[in-house]
Every structure is written in structure tokens, then in C-alpha cells.
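Reader: I would like to go through this model with you, term by term. Could you start with the pocket?

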Amino acid sequence: MNAALLFAITLRLQGGLGRSALRAGLLFAPSAVVFGVVATTWRRLPVAWQRAMVPAGFVVTGLTTAAMGALLRDGKDGRPLLFAAFVVSGAGMAAVYSPTLTGELTKVWQEDATDASGLLVTVTQMGQLIGIALFGTLFPGRLTESGPRGSGNALRVTTLAVAAVCGLGAMAGLVRKRR
């Protein structure tokens, strides 16, 4: 999901809005920094909050993803709001990924840890590839107009689709918590 979002936003920024690769890449930096901070500090939160992190993280990521699509739709870069959306999105993604990863790896026997680690990396990479294949195909498939307007509409549709998948992730997290 994250790789697909980054792919679609990069296409919009570089192809649709004519931004340089450096400028487009630097836009993602706040998300990465906040992801790192949240991923390394989430265990300091109260246990009751930790249980709600995955569904809440999906909701936050979905909302900020939809906001990014709306902010970049009209050819403006929406700087302060887009920056804030990337910061909050990084926190949301870390709230999903880190507790899920930790929860699953704590169930692995110590002698199976190396195999589990390799499997985790492989599954993560496969998820990124599938996400780019699905959502990356959606973006160019929605380019009905040429120029900035066409890529803005394509990004809007793509980000709404990613947000919908985040909604499904939140529901799955809630169902899992009830069991």
C-alpha cells in the first residue's frame, strides 16, 4: 500500500506537475522520519492504546491518503497541508506496521527466528509489488486527459482506492481484536 501510494504521488509530482525528482523525493522525508520515531517509541504508550494502534493507524493512513489526493488534484502543491498530511501519514503507517510486526514475531520460536525474518522480508516485498501492480495500474488507467488535470484526477481515484483498502484494514484489525 505504501509503495503504491509513493509510486502514484511520484507520478503526479514529476509527470503531472513537472517537479524534479529531488523535490518529489524530499516531500516524502517527513513521513519517513515520523515513521521511524513512532516505530521505535510506540511501546511506551499505555497498553490500552497499543491495542487500538493498528485499526487507528489504518484510519489515519486512509484519511491522510485521501487528503493527499485532494491536495494534489488541482495542480497546486498544497505545501503546508501536504507536509502535515505526510507527517501524520508516517505516524499512521508506523502504527499499523510496527505493532503488527512485533505481535507476529513474538509468536515465533527462537530457533525459527531467522526463517521468520526472511519470510517477513519476502512477504513485505511481495506486498509492495502487488500494491504497485494494482494501484500503479489504476493510476495510468485513469489518465483520460493529458497534462496536469488528467494526472490530478488519476491521483484522486488512486488515493481513494488506497484509502478504501485502509478502511478494510481497519475493519480487519477491529475484528481480530474482538477474538
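Author: Gladly. The largest pocket has 46 lining residues, and Phe58, Val96, Tyr97, Thr100 and Leu101 are the ones that lie nearest its centre. This is a predicted model, where local features need pLDDT of at least 70, side-chain atom pairs count only at pLDDT 80 or more, and totals for chains, interfaces and linings use all residues. Residues are numbered from 1 along each chain as its sequence is written, and side-chain values use heavy atoms, with hydrogens and water left out.

Reader: What makes a residue part of the lining of a pocket?

Author: On a 1 Å grid over the protein atoms alone, a pocket is an open set of points with protein on both sides within 12 Å along at least five of seven lines, where a 1.4 Å probe fits; lining residues have an atom within 4 Å of a point. The volume, here about 1,400 Å³, is the space filled by probe spheres set on the points, which are joined across faces, edges and corners.

Reader: Which helices supply at least two residues of that lining?

Author: They are α1 (2-16), α4 (47-71), α5 (79-105), α6 (113-141) and α7 (147-178). Of these, α6 gives the most, with 11 residues. The helices are DSSP runs of H or I with at least four residues, numbered from the N terminus, and the protein chain has 7 of them and 0 strands.

Reader: How do the lining residues divide into nonpolar, polar and charged?

Author: There are 25 nonpolar, 15 polar and 6 charged residues. Ala, Val, Leu, Ile, Met, Phe, Trp, Tyr, Cys and Pro count as nonpolar, Asp, Glu, Lys and Arg as charged, and the others, Gly among them, as polar.

Reader: Why is Val33 called exposed?

Author: Exposed means over 50% relative accessible area, buried under 20%, and partly exposed in between, with a 1.4 Å probe and protein chains only. Val33 has 55% relative accessibility, so Val33 counts as exposed. This residue lies in helix α3 (residues 29-41).

Reader: And why does Arg79 count as partly exposed?

Author: Arg79, in helix α5, has 49% relative accessibility and therefore counts as partly exposed. In the protein chain, 35% of the 179 residues count as buried.

Reader: What makes a set of residues a nonpolar core?

Author: The members are buried Ala, Val, Leu, Ile, Met, Phe, Trp, Tyr and Cys residues joined through side-chain atoms within 4.5 Å. The largest nonpolar core has 16 residues, and Ile9, Leu13, Met68, Leu72, Leu82, Phe86 and Leu155 touch the most other members. Two or more residues of this core come from each of α1, α2 (21-27), α5 and α7, with α1 giving the most, 4 residues. A second, separate core of 8 residues includes Ala4, Phe58, Phe135 and Ala170.

Reader: Which residues does Met68 touch?

Author: Leaving out residues up to four places away in sequence, Met68 touches Leu5, Ile9, Leu82, Ala85, Phe86, Ser89 and Leu155. Contact means heavy atoms within 4.5 Å.
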